[in-house]
Amino acid sequence: MSPQTGRHSFLVVANRLPCRRAADAWRASPGGLVATLAPVATRHSAGWIGWSGIADDDTDPGEHAGMTLIPVRLSAAEVTAHYEGFANSTIWPLYHDNVIAPRFSRSWWESHQQVNRRFAEAVAASAAPGARVWVHDYQLQLVPQMVRRLRPDVRIGFFCHIPFPPVGLFAQLPWRAEVLSGLLGADVIGFQRRADVENFTAACIRLLGIDPRAEGRIVEAYPVSVDSAHITALARDAERQDEPERIRADLGDPQTVLLGIDRLDHTKGILERLLAVEELFDTGALDPVTTRLVQIAVPSREAIPAYRDLRAEVERTVGRINGKFAGLGGASIHYLHRDYPFESVVAWYLAADVLLATSLRDGMNLVAKEYVAARRGRGGVLVLSEFAGAADELTEALIVNPHDRDALGAAITRAVRMESGGAHTRIEAMAATVADRSLCAWATRFLDDLESVSPAALTVPPE
Ligand code: G6P
């Protein structure tokens with residue numbers, strides 16, 4: 001049987017399309033994955049297979065920003081069971097060290113398999129003979145093996161943007177063998193950190209008795225990066241328009257601006273950060289009048305009860321802290337529950353003396369890399385969680401255990417008091433690291449590896 005083929009020689013496959021049509025314009029989808037991949041997909045004139053973010057949406061494929069967007073339809077029931085359920089209430093917490101308890105549901109798993117199959121069928125129908133197919137992230141781990149069965153002629157890469165957990169945690173998943181087999185359908189399997197590669201390898205050996213590097217498969221760490229040159233250009237524009245000064249003036253010209261920018265997610269450690277700052281105000285280590293903490297919390301996964309609970313708790317905590325410390329000059333904590341275009345985010349970076357990237361667990365944390373790229377030549381201090389992938393590379397940050405309130409408080413105080421020479425040296429070293437390992441180099445390295453393997457060599461593990 002000759003398989004049905006399509007016209008795309010390069011396909012990106014991700015749960016979400018890179019953008020969605022808002023009232024009158026295209027808006028970028030949230031999160032690091034889209035920020036990373038959209039420029040790569042544009043450069044390669046890729047086809048991008050993904051969900052529009054709206055249940056029961058029948059939008060047709062279309063061209064946008066040099067890519068072809070190929071929507072996969074999800075019903076309302078699948079949004080609940082596959083997206084909110086299996087992807088974000090089972091796999092997401094499990095892969096982030098059980099930051100909240102993962103929930104295991106057989107009906108979610110059924111739906112997850114069905115949706116992954118629909119993605120695989122879309123790939124099979126869209127890929128040109130011998131195409132390169134790059135599948136992304138934890139929502140689509142079954143797709144590589146399904147595509148391999150439908151289209152043995154294509155090369156399949158898989159990149160996991162989030163951590164891969166230690167086997168002791170991963171083993172809790174009732175469908176652990178199926179998930180590993182799904183991933184092993186890929187020719188190249190990439191993770192953010194060496195530790196993720198080791199965890200995945202250990203899981204394959206312990207749970208399947210398979211060495212994932214057998215048969216020429218490549219399993220590697222490809223730490224994701226940001227477009228440093230683009231950020232530098234945006235920073236220059238923001239300065240030309242005096243945006244950082246305007247932001248600081250709007251904040252009441254405080255001595256120190258601390259900044260957190262995160263999706264409103266348990267993994268990001270927003271509550272732990274707020275409590276550490278509260279304690280510093282309580283003890284007088286930080287002055288609530290001359291210090292402002294700006295916490296931008298990008299709305300995320302709001303239909304999931306645990307996310308709604310987190311939002312309520314964050315907002316209660318902000319209210320309590322401001323109730324205690326706000327003066328007539330304004331609140332000590334500026335909490336902004338909304339999404340900002342990237343140009344504005346860069347202006348926030350420039351207005352902030354200290355960035356608090358203190359996630360409890362994070363595949364990479366691109367915000368940390370964006371901050372140091374934006375601050376090149378300008379100083380500023382990065383407080384970074386040791387549990388973020390970025391800590392492997394940004395070693396000149398103030399690296400901290402965000403679960404340890406004393407240590408977190410001490411790191412924030414140290415950041416605020418750091419003399420500017422020291423801060424400059426650290427930022428320059430980190431900005432150079434980020435500039436050296438560009439986003440473009442990341443994609444090229446992965447895709448070169450994908451080019452180097454021969455797809456026919458792999459046997460497909462049983463489904
Ligand atoms: C993280 C994940 C992405 C995800 C994004 C936004 O960056 O790695 O796969 O798309 O969060 O989350 P959402 O559930 O809104 O797609």
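**View 1. Asn-98 in the loop between H2 and helix H3 (106–126).** Helices (H or I, at least four residues) and strands (E, at least two) are DSSP runs, numbered from the N terminus. The model is predicted: local features need pLDDT of at least 70, side-chain atom pairs count only at pLDDT 80 or more, and totals for chains, interfaces and linings use all residues. Residues are numbered from 1 along each chain as its sequence is written, and side-chain values use heavy atoms, with hydrogens and water left out.

**View 2. Ser-45 in the loop between H1 and strand S4 (47–51).** The phi of Ser-45 is near 45 degrees, which is positive although the residue is not glycine.

**View 3. Polar atoms of Arg-301, Gln-139 and Gly-32 facing ligand oxygen atoms.** A polar side-chain atom of Arg-301 lies 2.8 Å from a ligand oxygen. For Gln-139, the distance from a side-chain N or O atom to an oxygen of the ligand is 3.1 Å. Gly-32 places a polar backbone atom 3.4 Å from a ligand oxygen. Of the 370 Å² of accessible area that the ligand has on its own, the protein covers 93% (Shrake-Rupley method, 1.4 Å probe).

**View 4. Packing of helix H10 (residues 270–283) and helix H11 (residues 305–325).** Their axes, lines fitted to C-alpha atoms over the stretch in contact, are 10 Å apart at an angle of about 10 degrees. H10 and H11 are therefore roughly parallel (angles under 35 degrees, on a range from 0 to 180 degrees between N-to-C directions). In the contact (heavy atoms within 4.5 Å), H10 residues including Leu-274 and Phe-281 meet H11 residues including Val-314 and Ile-321. The contact comprises 10 nonpolar, one polar and five charged residues.

Definitions and conventions
A polar contact is a pair of N or O atoms within 3.5 Å; within protein, one must be able to donate a hydrogen and the other to accept it, and residues adjacent in sequence count only if both atoms are side-chain atoms. Angles under 35 degrees count as roughly parallel, over 145 as roughly antiparallel, 65 to 115 as roughly perpendicular and the rest as oblique. Ala, Val, Leu, Ile, Met, Phe, Trp, Tyr, Cys and Pro count as nonpolar, Asp, Glu, Lys and Arg as charged, and the others, Gly among them, as polar.
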